[in-house]
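Dear colleague,

I am handing over the structure below, together with some notes on what turned up when I went through it. Please read the notes with the structure open beside them.

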Amino acid sequence: MSKTPVIQIKNLVTRFGDRTILDHIDLDFYENEITVILGGSGSGKTTLLKSILGLVEPSEGEVALFGEPYHSEDESSVNRTLQRIGVLFQNGALLNSISVLDNMAIPLEQHTDLHADLILKMSAVKLGMVGLTHAAHQLPSELSGGMRKRAALARAIALDPELLFCDEPSAGLDPITSAALDDLILTLRKQLEMSIVVVTHELASIHRIADRIVFLSKGKILFQGSVPEAKTCGLEQVETFFKVGSF
Amino acid sequence: MSEPTAEFTLEGTCLLLVGALTHDTIPALQKRLKKIRAKQVQSIDLSGVMQMDSAGVSFIDQLMEGRFQGVTLVGVSDKLKDTLDAFASAPHPLPAPPRQSGFFEKIGDSVYGLRHTISELVLLISEVVFWSALGLFTRKGRRKGAIIQQILLIGSNAVGIIALLSFVLGLILALQSAAQLRQFGASIYVADLIAISMVREMGPMMTAIIIAGRSGSSFAAEISSMKVSEEVDALRMMAINPIRYIVVPKFLAITISMPLLVTLSMILGIFGGFIIGVTYLDLTPVSYINETLSILTIEDLLVGFSKSLFFAGVIVIIGSYFGFRVEGGAEGVGRVTTSAVVASIFAIIFLDAVFSLIYMM
């Protein structure tokens with residue numbers, strides 16, 4: 001059975017001035033699949049993520065989400081698509097002036113007609129899933145880096161998105177919290193049949209969650225396939241990545 | 001693609017839910033379910049539910065804990081059971097929100113806070129003065145070229161706006177007073193009024209307010225951003241005193257710039273009055289200048305310049321104080337910047353009133 005792509009990238013080029021960061025990328029991301037984007041520093045991982053999300057304007061090429069062109073002029077169409085997406089930013093990007101619980105409630109209040117009681121209940125559930133119910137009334141500035149990241153993940157999944165983007169979810173987390181976050185990502189994929197795109201360097205995390213990896217180098221796709229395939233792909237840079245990180 | 005819907009039917013005492021229980025369908029379903037009396041329902045059948053998200057699970061939980069407490073769930077497929085387990089709300093009770101302080105507690109907190117603020121301000125002032133005095137003898141602990149750079153930022157870049165506003169202020173003051181003095185044949189006293197008010201009051205105060213808005217806000221924003229991004233901690237860890245490294249150059253630069261800017265403001269303000277005196281009141285340029293020079297004394301100039309030095313110190317101290325006490329991220333930076341400007345302007349006007357009282361006595 002052929003897999004349904006949720007993201008289709010055709011001939012994507014992103015330039016900053018004279019520098020080409022992404023060089024003619026053709027890539028599909030599939031339904032109910034966890035795809036990990038990896039590569040060395042400056043390989044274009046975060047730029048690829050931001051180009052897909054429209055946070056960086058691509059110089060050339062097309063991005064389609066759920067079969068619809070995403071970078072369109074029609075704001076309402078883009079907003080409808082955004083409601084089907086959750087994004088976990090590298091540093092959390094929680095709103096610092098309001099409590100964690102209020103951060104959670106923002107997407108639910110803005111995009112649903114749910115009653116306040118139900119919003120509170122749902123927010124508590126999502127915070128509970130990331131183990132942060134006790135911090136519901138605290139401000140983000142009162143949380144540790146790891147807690148902020150978990151709260152940000154709870155906010156990203158508030159609307160049960162079909163597609164979740166995670167930028168370095170394990171960075172700065174201890175191995176136990178990192179593993180718990182990976183388990184949560186796997187649970188979300190199973191329960192909500194989410195498609196998940198993760199940018200990470202963490203080998204342990206890649207082994208735990210990745211169905212498919214996309215290895216970037218100098219703005220081009222060097223390799224895509226499963227982790228076992230990557231280890232024996234014959235490409236020195238890819239194989240070294242997995243060898244150096246293993247112990 | 002058709003929009004998902006959720007329906008219900010009451011079959012005997014069994015409430016049969018059908019369709020998709022998602023955040024899109026629940027608000028309407030919730031409204032319709034209000035018509036059902038709780039006693040009519042003994043079980044909820046989910047066998048017709050094709051899709052359920054976390055909103056659906058929370059909704060079912062809410063029904064089971066509230067109106068339909070004690071009813072049983074039936075027709076739960078394995079897939080639905082997994083979803084119900086994954087998003088169950090029972091294991092995640094929210095803690096009670098923190099108790100808000102009462103009226104008297106808030107007053108008590110304010111008093112303690114004020115005491116703390118005063119002690120921190122005194123400490124900051126003493127450190128700034130100490131390191132500034134020491135800075136006259138040694139260059140260590142100070143960034144090369146920092147004072148010149150700050151003089152350019154605080155002084156040169158503000159020349160245009162201060163010149164323009166002071167000139168306009170002189171024009172306005174002269175116009176307002178001319179209309180009254182002319183009726184008594186006392187037009188020449190416009191020169192006295194403008195000279196005294198610009199030198200003793202308006203020149204220093206206007207300049208200080210403009211500098212508080214321009215540079216005071218920038219001090220608070222710069223220092224708070226540095227603190228948020230741990231640059232201040234990094235300086236400490238390099239055994240560099242942040243006050244000496246960041247605040248002292250600003251303090252010395254503003255101490256040099258402020259009297260010069262005030263001089264400019266005085267001259268331009270008086271020139272504004274001169275223009276009205278000569279064009280509107282038909283005074284001769286010579287008589288206007290002579291009247292201005294005859295009324296001004298060294299004491300007036302000293303009053304103006306001494307005020308400008310105090311105002312300069314107030315702007316740096318308040319900007320730095322708020323910058324160092326930032327909490328939170330970007331939002332905290334914005335908050336302390338606003339607070340610094342408001343507090344500086346308040347302090348400048350208050351100090352000006354105190355000076356006026358002192359010089360009157």
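Is Asp23(A) buried, exposed or partly exposed? With a relative accessible area of 22%, Asp23(A) counts as partly exposed, and because the limit for a buried residue is under 20%, this value falls outside that class. Please keep in mind throughout that this is a predicted model.

Confidence first. The predictor assigns the complex an ipTM of 0.78 and a pTM of 0.73. For chain B the mean pLDDT is 89, and 99% of the residues score at least 70. Within chain B, the lowest confidence falls in helix H8 (residues 231-237), with a mean of 85, whereas the highest is found in H11(B), at 94.

Next, the charged pairs. Over all chains, a search of the whole structure finds 19 salt bridges. In one of them, Asp23(A) is paired with Lys220(A), and their closest N and O atoms are 3.0 Å apart. Since Lys220(A) belongs to strand E10 (residues 220-225) of chain A and Asp23(A) to strand E2 (residues 19-30) of chain A, the pair ties together parts that are 197 residues apart in sequence.

Lys190(A) is exposed, at a relative accessible area of 55%, while Asp82(B) is partly exposed, at 32%.

Within chain B, Lys307(B) and Asp352(B) form a salt bridge whose closest N and O atoms are 2.8 Å apart. Distant parts of the chain are linked by this pair, with Lys307(B) in helix H11 (residues 298-324) and Asp352(B) in helix H12 (residues 330-360), 45 residues apart. Both Lys307(B) and Asp352(B) are buried. Elsewhere, Lys3(A), Glu33(A) and Arg212(A) are joined into one network by salt bridges that share partners.

Leaving aside neighbours within four places in sequence, the residues in contact with Ile206(A) include Val36(A), Leu38(A), Ile213(A), Val227(A), Phe241(A) and Phe242(A).

Ile119(A), in helix H4 (residues 116-129) of chain A, is buried at 6% relative accessibility. Beyond its neighbours within four places in sequence, Ile119(A) is in contact with Ala105(A), Leu108(A), Glu109(A) and Leu114(A), and its C-alpha atom is separated by 10.0 Å from that of Leu101(A), 18 residues away along the chain. Ser217(B), which is found in helix H7 (residues 189-228) of chain B, is also buried, at 15% relative accessibility; with neighbours within four places again set aside, Ser217(B) is in contact with Ala212(B), Thr337(B) and Val341(B).

In helix H5 (residues 146-154) of chain B, the buried residues include Ala146(B), Ile147(B), Gln150(B) and Ile154(B). Viewed down the axis of H5(B), its buried residues fall within an arc of 95°, so they line one face of the helix. Their cover includes H7 and helix H9 (242-279) of chain B. In helix H1 (residues 26-33) of chain B, Ile26(B), Pro27(B), Leu29(B), Gln30(B) and Leu33(B) are buried, and because they cover an arc of only 165° around the axis, they are on the same side of H1(B). Among the elements covering the buried residues of H1(B) are H4 of chain A and, from chain B, strand E1 (6-11), strand E2 (14-21) and helix H2 (54-65).

Finally, the domain assignment divides chain B into domain 1 (6-87) and domain 2 (109-360), and the centres of these two domains, taken over C-alpha atoms, are separated by 67 Å.

With kind regards

Note on methods
Residues are numbered from 1 along each chain as its sequence is written. Chains are lettered from A and ligands numbered from 1 in the order in which they are written. This is a predicted model: local features need pLDDT of at least 70, side-chain atom pairs count only at pLDDT 80 or more; totals for chains, interfaces and linings use all residues. Side-chain values use heavy atoms; hydrogens and water are left out. A salt bridge is a side-chain nitrogen of Lys or Arg within 4 Å of a carboxyl oxygen of Asp or Glu. Helices (H or I, at least four residues) and strands (E, at least two) are DSSP runs, numbered from the N terminus. Buried means under 20% relative accessible area, exposed over 50%, partly exposed in between (1.4 Å probe, protein chains only). Contact means heavy atoms within 4.5 Å. pLDDT is the predictor's confidence in each residue, from 0 to 100. The arc is that of the directions from the helix axis to the C-beta atoms. Domain bounds come from an automatic or database domain assignment.
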